[in-house]
Amino acid sequence: MAKSNALSRAGRIVVGLQGALDFERGGELAQNLHELYAYMTRRILHVNASNDLETLAEVSSLVRDISDAWQTLPGLLSTALGQAS
């Protein structure tokens with residue numbers, strides 16, 4: 001039961017991220033993230049149905065990569081803005 005609840009929560013988080021995308025302003029990046037989130041949602045459903053720990057590790061790695069990218073973004077933006085001046 002705890003496994004199913006945790007995977008359900010993870011799936012809701014990913015769907016929430018997907019729903020927050022702004023395709024008008026985000027363009028290709030938003031579309032790519034949309035496809036990645038859809039893939040992650042399918043993989044989470046697969047994990048829930050099959051207890052596939054390898055797939056769970058794959059999804060966890062994707063989440064970490066996305067999180068790392070968001071953590072890095074402010075530094076990249078300030079560097080880019082500093083160079084534009």
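Ala, Val, Leu, Ile, Met, Phe, Trp, Tyr, Cys and Pro count here as nonpolar, Asp, Glu, Lys and Arg as charged, and the others, Gly among them, as polar. With that in hand, welcome to a set of close-up views of a predicted model.

**Figure 1. The lining of the largest pocket, by residue class and by element.** By class, twelve nonpolar, two polar and two charged residues make up this lining. The largest pocket itself has a volume of about 390 Å³. Its lining counts 16 residues, and those closest to the pocket centre are Leu21, Leu29, Leu33, Trp70 and Leu73. Two or more lining residues come from each of the elements α2 (23–50) and α3. Helix α3 gives the most, with seven residues.

**Figure 2. The second largest pocket and the residues around its centre.** Here the volume is about 280 Å³. Of the 17 lining residues, Ala10, Ile13, Val14, Met40 and Val63 are the closest to the centre of this second largest pocket. The elements α1 (2–19), α2 and α3 each give two or more residues to the lining. Sorted by class, the lining of the second largest pocket divides into 14 nonpolar residues, two polar and one charged.

**Figure 3. A nonpolar surface patch that includes Leu81.** Trp70, Leu73, Leu76, Leu77 and Leu81 make this patch, which covers about 530 Å². Leu81 sits in helix α3, which spans residues 53–84. Is Leu81 buried or exposed? Leu81 is exposed, because its relative accessible area is 59% and the cut-off for that class is over 50%.

**Figure 4. A salt bridge between the side chains of Glu58 and Arg43.** The count of salt bridges comes to one, and this view shows the pair: the side chains of Glu58 and Arg43 meet at 3.2 Å, N to O. What does the pair tie together? Glu58 belongs to helix α3 and Arg43 to helix α2, so the contact links parts that are 15 residues apart in sequence. Glu58 is partly exposed, with a relative accessible area of 26%. Arg43 is partly exposed as well, at 22% relative accessible area.

Figure 5. Asn51 is placed in the loop that runs between α2 and α3. Its backbone is worth a look: phi of Asn51 is near 55°, a positive value in a residue other than glycine. For context, most residues other than glycine have a negative phi. Ser4 is partly exposed, having a relative accessible area of 28%. Although Ser4 and Asn51 are 47 residues apart along the chain, their C-alpha atoms are separated by 10.0 Å.

**Figure 6. Gln71 and Phe23, a pair for checking the scale of the view.** Gln71 lies in helix α3. With a relative accessible area of 63%, Gln71 is exposed. How far apart are the C-alpha atoms of Gln71 and Phe23? The separation is 22 Å, for two residues that are 48 residues apart along the chain.

Key. Residues are numbered from 1 along each chain as its sequence is written. This is a predicted model: local features need pLDDT of at least 70, side-chain atom pairs count only at pLDDT 80 or more; totals for chains, interfaces and linings use all residues. Side-chain values use heavy atoms; hydrogens and water are left out. Patches are made of residues with over 30% relative accessible area and no salt bridge: like charges are joined within 9 Å, nonpolar side chains (Val, Leu, Ile, Met, Phe, Trp, Tyr) within 5 Å. Accessible areas come from the Shrake-Rupley method with a 1.4 Å probe; for residues, only the protein chains shown count as cover. A salt bridge is a side-chain nitrogen of Lys or Arg within 4 Å of a carboxyl oxygen of Asp or Glu. Helices (H or I, at least four residues) and strands (E, at least two) are DSSP runs, numbered from the N terminus. Buried means under 20% relative accessible area, exposed over 50%, partly exposed in between (1.4 Å probe, protein chains only). On a 1 Å grid over the protein atoms alone, a cavity is a set of points where a 1.4 Å probe fits but cannot get out, and a pocket is an open set with protein on both sides within 12 Å along at least five of seven lines; lining residues have an atom within 4 Å of a point. Grid points are joined across faces, edges and corners, and a volume is the space filled by probe spheres set on the points.
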